[in-house]
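Let us read this model together, one feature at a time.

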Amino acid sequence: MKQYDFQDIRNVGLVGHGGSGKTSAAEAILFLSGVNDRLGKVGDTSSIMDYDPDEVQRGSSVNASVAFYEWDKKKINLLDTPGDSNFIADTPASLRVVDGAVIVISAVDGIQFYTEKVWKWATEQSIPKIIFINKVDQEQANIASVLESIKRKFNVNPLCVHVPIGDGENFSGVVDVLTNKSYVYQKDGSGKNKVDVIPGAMVEEVKSTFAELTESVAEVDDELTENYLENGELSEQEFSIGLKKGLKEGKLLPVFLGAATQNIGVDLLMNAIIEFLPSPGQRGPVIGKNPKDGSEKSCDVDPKSTLSALVFKTVADPYAGKLTLFRVFSGVLKGDSSVYNVTQEATERVGQIYLLQGKKQISVSEISAGDIGTVAKLKVTTTSNSLSSENHPIQFEAISF
């Protein structure tokens, strides 16, 4: 299994209200990246993410599930979280180990209760966010209403970089305002598209949309505002600087459009995850405490440093037994080794370690800083426990459910 530098890893949570299409988006992503040889469907055994029999029967996520894929030479760990009130507890746990979040919103139902909840949780943890407005192919889809709700409820400027081509059942793709290109998709779920110039009938609408985006970017910085008012526009360099600053400071929120079940716009979302969401190294040090004296202790994302990891989920697997899912913040966790459980004050023997691809376990020799993995049959370790070396212990705050 290829080892990735932590700068080439993205840990991303798919979050939002139940029924918004998070799992459908995940399945389309796994299909496009070649993890699955067909487009998995929710409520079907073809789904990689919703593999539990209860999930197949319900047609919705009961557990947070983990899978990974490669895109543009980067490794992306994808955590698909539940949005149903009965199973939402897995979501805050997952947010503790991701570096970015894709908030999925239905173009039909708009912002719902758990959309606001996950926004609040992610904001409290300073997790960068982008939005994917899904189900644009539905008859009752109302993109303008969703964008207005985002601005009003989240107090942030939604930077919608897509203009839909067609609406309702006629939705066939998008124009990317930043690249000035149109993407028209085949309606067979393959995700294949034709990249072309902007359709003539849409040129004025795209110009108008770009002008609105420019105005939002200009408002990020006083100097940019002054230049914009003087010249009536921003240079390409000024726009790029303002966009990056606005995203970093949380003043701008990138928004993308698509229809996951038809695999429209999902490849552009995959590009956006790499472009707009940070690597573990870009998030900066993780803070814990020294259990010996209670003093604050930080760890940098460095595979050469001492080990620190957080357990965010425990699963009972019918074949492998108890699986412990963890995120390594620093150092390396190797198979056939020992690890110190700081929370339980006990040493655990680590056997084989794995990467998860839904319910499938892929054996690896180690999990390095910035990555997510699992280990089977630890005796005392459970969710919220901190793992490290005994000589350099660090304990992270327990997960709040």
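Q: Which residue forms a salt bridge with Glu116, and how far apart are the closest N and O atoms?

A: Side chains of opposite charge can pair when their charged atoms come close. A salt bridge is taken here as a side-chain nitrogen of Lys or Arg within 4 Å of a carboxyl oxygen of Asp or Glu. In this predicted model, Glu116 forms such a bridge with Lys153, the closest N and O atoms being 3.7 Å apart. Glu116 lies in helix H4 (residues 113-124) and Lys153 in helix H5 (residues 143-154), so the pair ties together parts that are 37 residues apart in sequence. Helices (H or I, at least four residues) and strands (E, at least two) are DSSP runs, numbered from the N terminus.

Q: What should I keep in mind about the numbering and the model?

A: Residues are numbered from 1 along each chain as its sequence is written, and side-chain values use heavy atoms, with hydrogens and water left out. The model is predicted, and local features need pLDDT of at least 70, side-chain atom pairs count only at pLDDT 80 or more, while totals for chains, interfaces and linings use all residues.

Q: Is Glu116 buried, partly exposed or exposed?

A: Buried means under 20% relative accessible area, exposed over 50%, and partly exposed in between (1.4 Å probe, protein chains only). Glu116, at 34% relative accessibility, counts as partly exposed, and Lys153 is partly exposed with a relative accessible area of 39%.

Q: How many salt bridges are there by this rule, and with which residue does Asp371 form one?

A: The count comes to eleven salt bridges. Asp371 pairs with Lys75, where the closest N and O atoms are 2.9 Å apart. Asp371 lies in the loop between strand E21 (366-368) and strand E22 (372-376), and Lys75 in strand E3, so this pair ties together parts that are 296 residues apart in sequence. Asp371 and Lys75 are buried.

Q: Where do Lys245 and Asp221 lie?

A: The side chains of Lys245 and Asp221 meet in a salt bridge of 2.7 Å, N to O. Lys245 lies in helix H8, and Asp221 in the loop between helix H6 (203-218) and helix H7 (222-231), so the pair ties together parts that are 24 residues apart in sequence. Asp221 also has a place at the start of H7, where one of its side-chain oxygens reaches to within 2.8 Å of the backbone nitrogen of Glu223.

Q: Which residues of H7 are buried, and which are exposed?

A: Leu224, Asn227 and Tyr228 are buried in H7. Seen down the axis of H7, the buried residues fall within an arc of 100 degrees (taken from the directions from the helix axis to the C-beta atoms), so they line one face of the helix. On the other side of H7, Asp222, Glu223, Leu229 and Glu230 are exposed. The buried residues of H7 pack against H6 and H8, contact meaning heavy atoms within 4.5 Å.

Q: In what order do the strands of the open sheet stand?

A: Two strands pair if DSSP finds at least two bridges between them. Here seven strands form an open sheet in the order E2-E3-E1-E4-E5-E11-E6, with mixed pairing. Strand E2 (65-71) and strand E6 (157-160) stand at the edges, each with a single partner strand, so one side of each is left without a neighbour in the sheet. Strand E4 (residues 100-106) and strand E5 (residues 129-134) run parallel and are joined by six bridges, and Ser106 stands opposite Asn134 in E5.

Technical notes:
Polar contact = N/O pair within 3.5 Å; in protein donor to acceptor, adjacent residues only side chain to side chain.
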